[in-house]
Amino acid sequence: MWAFAQDYATAVFGDLLDPQKRVFWGYLASAWLISFLWLFVRRRAGLVRAAGEFFSAASWLTRSARADYLVFLLNGAIMMLLAPALLSQLTIAYALFQWMHGWFDGRPMLQWSPGAIAAAFTVTLFVADDLARYWVHRMLHRVPALWAFHKVHHTATSLNPLTVFRTHPMEGILFSLRGAVVQGGCVAPFIFFFGDRVELVTVLGASAFTFAFNALGSNLRHSHVALGYWRWLEFVVMSPAQHQVHHSIDARHVDRNFGATLSFWDWLFGTHCHSQTREPLVFGVRGADGPGAHRLASLYLLPFAEAFRAVASKLPGTRAGQRAVAAAE
Amino acid sequence: MTFSKLPILALTVLVGSGAAANVHAEADVYGNFPVTVPGYAGDHTDSTSYAGQIARHLLHNSLKKLAGQGDGSNAEALREQMMAYYDGKGPGREILDPRSQGAFVVAQQTIDEVSRERNLSGSVYGGQVTGWPGNMTGDEVLRFMIDKAAHTTGGIDPLTGYNYQQLISKFLMGAVFYNQAVDKYLDENLSPDVKPNDKPYSEGAPYTGKEHSWDEAFGYFGAPAHALELDAETAYLIAKADESVLAAADRNGDGKVDLYTEMTYAHAYYAADADKSGKTDYLHTITQAFVDGRKLLVEAGGEALTDAQRATLRGYADTIKTAWEKVIAEAAFKYAGSVYADLEKLKIIVESNGDPSKAFRGYVTHWGELKGFAMALQTSGRDLGETAVRLNRLIGYGPVLLGGGQVTGIDADGNYQIGGSRDLGEYMVHMIKVQQLLGEAFDLVARKNDVTGGMEKLVKDLGESKSAEND
């Protein structure tokens with residue numbers, strides 16, 4: 001039990017010290033700095049407001065925020081228990097590596113320079129991961145049974161950097177699977193063709209892209225600091241304010257901006273929306289903003305019932321299906 | 001490729017990798033332990049004694065040398081000569097390896113100069129060897145291989161792909177040295193009633209039962225007595241009789257390398273080989289545990305061990321057994337990688353209609369080492385369960401031959417049966433799986449010739465994605 005408690009504390013609070021994680025203290029500090037500079041220099045806010053906006057009570061001390069913190073703490077334990085059962089990237093990489101011997105009838109090695117291999121691997125991994133994030137996110141919104149779980153994240157009516165952890169564990173499992181497929185799917189072919197010369201370009205142990213994305217204010221995505229980019233840049237990179245649009249309940253913003261780092265995918269697949277920094281946005285899910293929306297029981301259990309109803313409605317033989325058919329008629 | 005020293009985020013603390021320093025200052029030497037036998041009346045002042053084990057190392061080295069000396073016409077004479085080293089105990093047996101090489105002069109020329117009336121066959125693993133066809137015991141496998149080796153040219157049978165020099169050597173190191181040390185001396189003989197510490201090992205002996213058992217296990221490991229003063233590279237080169245390490249080997253400074261105390265043999269050599277990677281420290285870990293255990297026995301002062309002393313001694317024994325098993329698994333891992341690379345070469349040669357004979361020799365040599373180590377792993381007396389089953393199935397009874405065949409069994413007359421139709425590419429995948437299996441089952445670190453090119457490390461560097469974190 002003590003060992004579990006120690007592992008739990010390390011897993012949960014270790015994120016604050018891990019540069020691979022978005023809530024690493026350095027990234028939180030850089031988010032604050034960017035927020036301060038943007039508000040003070042660009043928006044000409046007063047010194048106190050510019051410095052304090054990132055820490056506003058409307059962002060950190062609401063009922064919604066308190067639910068974020070509880071979900072963060074509870075999920076830490078749940079995911080620790082689930083982790084051993086989840087498919088690992090190494091399992092996928094090994095399987096793919098072995099299959100490739102059959103597909104290529106042996107192992108044709110390629111002779112590239114170390115720099116080229118590292119650059120190619122780092123870029124491939126980043127692009128594949130970001131694309132997978134776009135499509136999984138899009139599915140989470142478009143497939144009713146998945147939306148039931150993803151809605152937990154969107155019922156947040158205030159945003160702060162820990163809202164990133166306001167996630168149903170079922171979604172956590174899906175993200176783990178996504179990560180395993182993408183990482184395993186990238187590692188295997190690179191090792192197959194380049195052997196032990198494959199390296200990731202890293203800064204402080206994190207992929208250079210992850211580092212750049214996080215150091216340049218990724219934590220402002222879940223905040224009330226509406227930092228937008230130039231219009232041309234918002235076609236390529238997702239600004240914090242664009243992600244806030246994604247959380248907006250405004251009908252014009254629903255199912256827009258699914259991208260993680262790149263907004264390019266949204267532009268390519270027709271879900272792009274520019275940031276809106278003039279009017280304040282209202283965050284949440286229309287119809288799911290009652291006081292019960294932030295209760296743990298609602299956040300953890302209701303999605304199962306809703307997902308079940310969504311699946312059952314597709315099955316004509318069930319009562320839910322019959323009700324759905326009758327309603328449609 | 002990293003940029004890891006940004007001052008703004010300097011909170012990250014660099015933690016040591018765990019690979020220990022290679023050279024121990026003022027290191028312990030295994031030897032010169034005082035006599036503690038109660039009432040001992042003899043002349044000895046040093047109770048250390050493992051000459052019988054070193055004699056067996058020399059018998060093994062010599063037998064390996066002989067196994068490669070078949071010329072197609074000397075089978076019976078060669079078989080008899082090999083059996084003299086394996087089974088015989090007679091006097092006059094020359095040490096065929098190691099021998100003096102230039103300035104690297106060895107002190108002994110015959111087995112008897114180290115210890116008399118020793119053989120290998122009396123100390124072989126008695127269980128069934130499931131990795132080899134024919135349902136044989138360890139002793140039967142070795143006799144069978146010796147007979148077959150005598151009928152080859154250069155120790156290699158091209159029809160089966162067996163390199164008997166490697167098979168005999170690598171399997172024997174497990175079936176004799178490893179088995180005797182970990183299953184008998186470091187296990188059975190640590191029990192209170194077996195070879196007690198308050199009695200001499202045998203009547204008149206200057207060492208107690210426990211002291212000599214411990215020494216015998218150390219002897220089988222094969223490390224020089226001053227291994228803790230040597231780095232991995234030096235310990236490794238001593239086994240090669242390399243002139244450049246003469247001074248390091250010759251600890252007593254008499255200008256000769258004493259084969260009893262100053263030579264590296266068997267698994268100590270492979271421990272050093274793994275440690276050369278800089279990722280492991282098996283040689284020193286094992287030797288230090290031997291030295292610490294022996295010191296504990298000296299401190300026991302010829303009294304029966306207390307429960308606490310026995311528990312501590314068993315702790316040292318467990319350290320040795322765990323690391324020793326890893327050493328053998330690391331060696332098997334390495335040679336699985338070599339076989340994989342050989343197969344890759346062979347495929348290219350065969351597809352371009354080249355001459356595969358040289359590459360084939362390299363392939364079957366590495367395969368013999370892989371197979372020998374894989375069989376040796378299964379002689380510890382510890383049931384490896386599914387790991388052993390999968391390992392034996394993946395490697396098979398023989399290497400996949402260029403025509404796709406593989407030894408599948410032995411008939412009633414002792415002839416090999418060849419069947420199956422695996423291609424070389426498929427067998428390459430088997431080698432990947434062998435490495436994966438060994439790496440996971442034994443938690444390997446050195447991982448030489450890793451065909452997945454450090455895939456595990458790369459994946460680890462990418463970080464876990466097992467947290468519920470949204471976009």
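A cavity is a set of points, on a 1 Å grid over the protein atoms alone, where a 1.4 Å probe fits but cannot get out, and its lining residues have an atom within 4 Å of a point. This is a predicted model, in which local features need pLDDT of at least 70, side-chain atom pairs count only at pLDDT 80 or more, and totals for chains, interfaces and linings use all residues. Residues are numbered from 1 along each chain as its sequence is written, chains are lettered from A in the order in which they are written, and side-chain values use heavy atoms, without hydrogens and water.

**View 1. The largest cavity, with A:Gln20, A:Asp129, A:Arg133, A:Gln183 and A:Thr210 nearest its centre.** Its lining runs to 32 residues. Among the contributors, α7(A) gives the largest share, 6 residues. Sorted by class, you get 10 nonpolar, 12 polar and 10 charged residues.

**View 2. The second largest pocket, around A:Leu227, A:Gly228, A:Tyr229, A:Trp230 and A:Leu233.** A pocket is an open set of grid points with protein on both sides within 12 Å along at least five of seven lines. Here 29 residues form the lining: 15 nonpolar, 8 polar and 6 charged.

**View 3. A:Trp267 in helix α13 of chain A.** A:Trp267 has 48% relative accessibility, so it counts as partly exposed (between buried, under 20% relative accessible area, and exposed, over 50%, with a 1.4 Å probe and protein chains only). Helices are DSSP runs of H or I with at least four residues, numbered from the N terminus.

How values were computed:
Ala, Val, Leu, Ile, Met, Phe, Trp, Tyr, Cys and Pro count as nonpolar, Asp, Glu, Lys and Arg as charged, and the others, Gly among them, as polar. Helices (H or I, at least four residues) and strands (E, at least two) are DSSP runs, numbered from the N terminus.
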